[in-house]
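Opening my notebook on this one. I went in with a list of spots to look up, and here is what I wrote down.

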Amino acid sequence: MQRRPSSSGSLHTPCHTDGEDLFLGQYGKNMAADRQPGAENRRAYEQAPAVAASPGDDSDRLSSLIELAYDFYWEQDSDFRFTHVAGPLLGRLGLDPRAMIGKVRWSEGNVPVGDGGCWDTHKAVLQAHGQFSDFVYKRIDARGEVRYITTSGMPVFSEDGRFQGYRGIAREITDAVRTQLALRESSVLLESMFDTMAEGVSVFDAELRLVAVNRRFRELLNFPDALHVAGTPFEAFIRHNAERGDYGPGNVEEQVRSRLEQARRFEAHHFVRERPDGSVLEITGRPLPGGGFVTVYSDITERARAERALRESKLALEKTFEYMDQGISIADEDLRLIGMNRRCREMFGFPEALCQPGTPFAAFMRFNAERGDYGPGDIEEQVRARIDLARRFEPHLFQRERADGSIIEVRGLPLPGGGFVTVYTDVTERTRAEQALRESEARFRSLTALSSDWFWEQDSDYRFTRLEGRHVSGDTTAFADERGKTWWELGWEVDGGWDEHRVLLAARQPFREMVMHREGRHGSMQHVRVSGEPIQDAQGRFLGYRGVGRDITQQKSAEERIQYMARHDSLTGLPNRAWFHELLNLSLHAARRYQRKLAVLFIDLDRFKIINDTLGHDAGDELLKEVSQRLRHCLRGCDVVARLGGDEFVVMVQEVEEPEQVAVVARKILATVLEPVVVQDQHCRVTASVGICLYPTDGEDDQTLMKNADIAMYVAKEEGKNNYQFYSKDIKTQSLERLALETGLRNALARGEFSLHYQAKVGLRNEDITGVEALLRWHSAELGAVSPMQFIPVAEQTGMIVPIGRWVLQTACEQNVAWQREGLPPMCMAVNISARQFMHDTLLDDIAGALQTSGMEPSLLELELTEGMVMHNTERAVKLLTRIKAMGVRISIDDFGTGYSSLAQIKRFPIDALKVDRSFIRELATDSADRAITGAIIAMGKTLSLTVVAEGVETSEQRDFLRAEGCDEMQGFYFSKPLPADRFADFVKSGGIDTPLSRDDP
């Protein structure tokens, strides 16, 4: 077997901005093509026309300057230090040619645009003596401005092939970069505005073909995605609407034809259409200059329903007005009738002709006067007096006894803008009843109106003369000791003091619902609510006050308890979210006024869910209470800590001078949370992830500060937990990128964006293929190819890994059976199981379902679990793995050696194989410690009669070592990279011969 290519290349995550990345699309494509090994470069240059002149040859410099004609020219020696720099525009860049002599390009604070801001890639090209072109880097000039420079260079060799250095050219491209950034920002802004409009928008050209639609259009009109492609004829949309009945019943072709004719006129149009599902669209179209039109679709379903409800309400009001038991008339500012209801016409017996809108108010007055409703007197004078009174448009209330003995209560109120409404109530029976009861009511009026728990009377000096009912102390005999004293002499107090109430008493005014309080005999607070009115004799002389009182002590206590509960967390007693926002806003107001700084720390407990799920909610509550007490004690008195819910806390640190002061607080919080907590006689340990946001640097209102602190907290979790992170714009960008990744991941399974690649396992004895591992790949429609290192942690954290893992298991089993049908020999299929899957209740059902539906033999399925998963809860893991083994499925421990398991622990598990982690294999040739660890793992596996598999084998040296140590199988780029299913089948059929399949695929 021939030697396979090494896979030692690495991927660098770019750290430049999106704008710089766009610019690199034009200027930075050179690096991959020009990175060649040094020996190959040297051979290439030996065969090419030699560039053998010394870097110091002046004639050669002049020739190069004339040939390249860039902003400036440079030369370097074999250590990549500048030996010559010349150019007319160096001054503009703030570069001194003399100061550059003897220095390398990566000095002076220069930073590459790309490669994560790291010089390693560029240095590798130089070390390999490779040619490079359009390498872009940036520097800060003397004025503090960022300058972008692109440079190209070629190596210089002597006639005998010895490397002597580099010569090249450079150019400033700052203006080009800024222009590209501005254009991109403008384009993104316009596209974002169009796609996030609240209304649906479609644009068609002069040939009635689709130009564009926005997101809201797709949501509102619900057309198939295929119709949204640019160039789709307008007729296709009309036909789709007609066929699904949007235009109502009728001939579809006729509906399409008529609407096409209307569209071809390119006229402005506006109409409302109710769709079969009950939704209502308002459609506005405008022609475009040069032909075509743009149409805006607004969902006015709610507005249409509101208008319909308003019409129905108006009808109901009109009916209510017409059939009320009271008579009502409405007149305008000119004293002309607007309307009169049926009861009013019946009550006064007006003729129908008189009750028409527009009739002058005087006509009704004359009709009443002529039939004697106003008693004897001059009719015209009666009419004129009432017209003069009406023109004042003043509220009025009076009763009028008519000639027939009936009594009408007349109540008039002016209308805004003029006119008035008058309500006529027949109070004949009520008036007669009131007359009969008046004497009796006079005696008992106070008692019936102010009836309450106890009754009291005072003399003119406000001293009690009578007290009856139930005393606040419960002792009715206590009233005897209180007679002859005032409220304030009995120790009662009111909020704000007694002065205001004494003024009211002096004015002989009644009072209602006045709350008083005093300390009781046993130190408890008593509260009463009293109402009173002045007492006068028949001559109107003031005699004192009488009133009622009610004990509201329990009610007050309940109100205070409700208020406390509304502001505090019921479990920990800390301020809750609502009160924290109040306190934060108050502190922000003070900070703005006095130009102070403050900080918000968002705290989330790590591993809390594990304790809560394992020991129960009572244990979780106990842990939360202990953590809340620790947070209280490690903060200053002026700082605030609140619980937002679950295991989330938030801290406000006031009067911050510098970020380090907040960092000290964060470290103190991390330390106090980390200390063990005894819960149910067990020592539990949790950590915290803390996000920090500073006012006013990171936000000026409470919502922004909380949101940004939350973002920083999630970054702290991603950084390994048990740490704190300050918010920054870069963090927000990372958060948005994660959100985009998470959003795409949620739809990836439904869209069919996942696929599986397969990597062979090879026996070390004769290097034949002994098995295969299924590896998940994702190619997103929006994000392109996404590395498993990026999306699998997100899937694990969000729980989406469970349905994705179920799909992987099912697909891998089906593929294994499909290969056997193609004639391939049966191979053991290894599938990785995530921690979430392993903890999920459906794992056993998922395994059984995949085997049953695919028809694969259970012995051909191998589940790979990490060492940490089985060590977390060993008792549960042993039981679960035993049940899996009972199904006939193989089990292997992946990434072995990175955990903390021992021989005694491993032998408890029913496993078949150990996979040595690739981190120990990578440096086998040079690291004696890795060799010792790998050898020990292989020996341990042999002791337990387990199959030992080495991951990440890339060189023959690694293979030879593993073979000598007795390792059973290997897996890695040395034999084959992961391949798609069809190409893996070809690879197996070829017997694993070194083919382009194994070299080129990712």
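The peptide bond from Y695 to P696 is cis, with omega near 5°. My element names follow DSSP runs: helices are H or I with at least four residues, strands are E with at least two, and numbering goes from the N terminus.

**Ground rules.** I'm working on a predicted model, where local features need pLDDT of at least 70, side-chain atom pairs count only at pLDDT 80 or more, and totals for chains, interfaces and linings use all residues. Residues are numbered from 1 along each chain as its sequence is written, and side-chain values use heavy atoms, with hydrogens and water left out.

**Strands around β21.** Which strands does β21 pair with (pairing takes at least two DSSP bridges between two strands)? One is β17 (residues 454–458), which runs antiparallel to β21 (residues 542–551) and is joined to it by five bridges. Within that pairing I noted F455, whose bridge partner in β21 is V548. Another is β20 (residues 525–536), also antiparallel, with nine bridges to β21. Q536 stands opposite F542 in β21. The hairpin of β20 and β21 has five residues between the strands, and G540 there takes a positive phi near 85°.

I logged E767 and S945. E767 sits in the loop between β29 and β30 (769–780), and its phi is near 60°. S945 also has a positive phi, of about 60°, and it lies in the loop between α33 (928–943) and β36 (947–951). Are they buried or exposed (buried is under 20% relative accessible area, exposed over 50%, partly exposed in between, using a 1.4 Å probe and protein chains only)? E767 counts as buried, at 9% relative accessibility. S945 is exposed, with a relative accessible area of 66%.

**Q759.** I found Q759 in strand β29 (residues 754–763). Its relative accessible area is 6%, so I put it down as buried. What does its side chain reach? The backbone oxygen of S976, at 3.0 Å. That is a polar contact in my terms: a pair of N or O atoms within 3.5 Å where, within protein, one must be able to donate a hydrogen and the other to accept it, and residues adjacent in sequence count only if both atoms are side-chain atoms. I also listed contacts (heavy atoms within 4.5 Å). Leaving aside neighbours within four places in sequence, the partners of Q759 include G771, E773, L775, F973, P978 and F984.

**Helix α35.** G991 follows the helix and has a positive phi, near 80°.

**A cavity.** Last, I checked the second largest cavity, with a volume of about 30 Å³. Its lining is F72, W74, F82, R105, Y137, T151 and A170. A cavity is a set of points, on a 1 Å grid over the protein atoms alone, where a 1.4 Å probe fits but cannot get out, and lining residues have an atom within 4 Å of a point. Grid points are joined across faces, edges and corners, and the volume is the space filled by probe spheres set on the points.

Definitions and conventions:
Two strands pair if DSSP finds at least two bridges between them. On a 1 Å grid over the protein atoms alone, a cavity is a set of points where a 1.4 Å probe fits but cannot get out, and a pocket is an open set with protein on both sides within 12 Å along at least five of seven lines; lining residues have an atom within 4 Å of a point.
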